[in-house]
Structure formats: C-alpha cells, structure tokens
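Dear colleague,

I am passing on the structure that follows, together with a short account of what was found in it. Please read the notes alongside the coordinates.

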Amino acid sequence: MKRVYLEISDACNLRCPFCTYEKGNSFMSLDQIDDYTSQIKPYCNYIYLHILGEPLLHPDFEKILDILDQKGFQLQLVTNGTLLHRFLTLDEHPCLRKLSISLHSYDHCKEKNHYFETIDALITMDHPFNIELRFYNEESLSEDLKDYKNKLIKQFGIEETKRSSSYLLKKNVYLYEEDFFRWPDINDPYISDTGTCHGGIDMIAISHEGKVGLCCLDPKAHTMIGDLKKESLAAILDSKIYKDYTEGFRQRKILPELCKRCSYRLRFRS
C-alpha cells in the first residue's frame, strides 16, 4: 500500500465553501494514534494526516510527530496554513517528508495578518522536507492570492516538473495548481459501475472515529470496510468486503455506491 490517510481530528478553524467539512470537535487520543500506527506499519510507511479537519489544531500535535518519528514513518502533512506560525521548527522531525499548504483556504481566514509572512519565512529557510504550495480552483482565487502567486513566480521563477501542474520554485519548494473537482456525495447522480480506482489498493483512510474506508474523499465512510475500534486492521484487510471492492477495481467493476457517483475516479484509466 502506498499511503494511509489518518484523520487525527475532525475539527477545523475554517469554513471553506469548497470543502465538505461539517462542524466537529473530536481528537484521536495519543493511545489510539500509537495503536493505529503500529497496525499500519506492516502495510505502509507513508502516513498522510489528511481527510477533513485541520491537523495542527490537535493539542498533542508535536507528540504525534514524535510517535511517527519513533516508528520510522514518512509523513505528508496537509494544512490550511493558518496555524503554521506555531510550528516553524517542523524540520526537527525526521518523519516529515512533505508539507502541503492549501493556500486557497486563505480567502476564508478571519485573521490574515501573518499568513503570507509565515509562508515566506518557511520557504526562505532550507528544509530537508518538500513544501508544496497549493493554489486550487484558480478561477475563484482572490486578487490577493493571485498577486501572491505572481510574486512567488517573479521572485523565484518556475520550472516545469514531471508531475502535471507542479512547478519548482526553488530547491524543495513547489507550486501546485489544480482545477476544481467535486467531492463525491452519495446523493450525486449515478455515473457508471464500470471503471477503476486506486482506492483500497494503493490507499486506505482512517477517520477520527476509527472507521476505515477506501480513500480520503469519503469522510463519511460510505466505503467503510471496517472499524478499528471493533477489529484489527489485519482482520479488516482480510475481510470479504475489502477483497470484493479491490478485486472489483482490478476487474473494472465498481461496487461501492459512492464510487459509482464519483467523478474523481474518472482520472484513473488503468
């Protein structure tokens, strides 16, 4: 498995209209995180702290990174960037492989004073990890965001990379663009029951409640294959439902109802 998404909290300090977030205030305990990551380790070395929620809100965030350090994980941290000023020493944690900052969230911040200054401070320093500056939904970005993006390009220049829509600004710092995509919803129109996806095969997602689903675009766990509060990850990955779903994807048969309505999976042609 290439990566596991772990939602350490469903709390968020923003209400961005492009996100399906619903107000929450739950946090995984350190004991849960220690247990879940121990179960993940035999299957995967890559942890993504991302489904919904803002991971930097977790009161024990530094201790969570300590756990990931000790277990030898590689971490991708996805954040809206509003709390990064509290964590400018992230390079002290060898687990951190990539920091992805969703700058398109800026327009929905109440306190904007130090947002760009914090980003500037981070990218000015040299880090062992990669920094990805995400500018999603280009057509809806504010003039402030467009000006900041142009300032970065003017300051550093950009170089195309092998990854589509990703540009190198400087060593270990990337600018990433992506068009708008729709979060799948169980009430969306039916698309088809043929095709494929990497969900379950390359990735799984564990919600703040311990529910295990096929991917990070399913925060309500409509594709749930198990519950870590009731059974082990090993048992979940040996279950009939998990094997049926993933074998279906390999045979280009879509079994989960949510996936039959998901337009994002149309990106995966093989």
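The overall dimensions come first: for 270 residues, a compact globule would have a radius of gyration near 18 Å, and since the protein chain has 19 Å, its value agrees with that expectation. Please keep in mind throughout that this is a predicted model. Taken along the principal axes, the box that the C-alpha atoms of the protein chain fill is roughly 55 × 40 × 35 Å.

As to how the chain is built, its secondary structure comprises six helices and 11 strands. Of the contacts in the protein chain with a separation of 6 or more, 67% are between residues 24 or more positions apart, and buried residues account for 51% of the 270 residues.

Ser166 has a relative accessibility of 5%, and because buried means under 20%, Ser166 counts as buried. If its neighbours within four places in sequence are left aside, Ser166 is in contact with Glu159, Glu160 and Thr161, and also with Tyr174, Leu175 and Tyr176.

Methods: Residues are numbered from 1 along each chain as its sequence is written. This is a predicted model: local features need pLDDT of at least 70, side-chain atom pairs count only at pLDDT 80 or more; totals for chains, interfaces and linings use all residues. Side-chain values use heavy atoms; hydrogens and water are left out. Helices (H or I, at least four residues) and strands (E, at least two) are DSSP runs, numbered from the N terminus. The radius of gyration is taken over C-alpha atoms; the globule rule is 2.2 Å times the number of residues to the power 0.38. Buried means under 20% relative accessible area, exposed over 50%, partly exposed in between (1.4 Å probe, protein chains only). Contact means heavy atoms within 4.5 Å.
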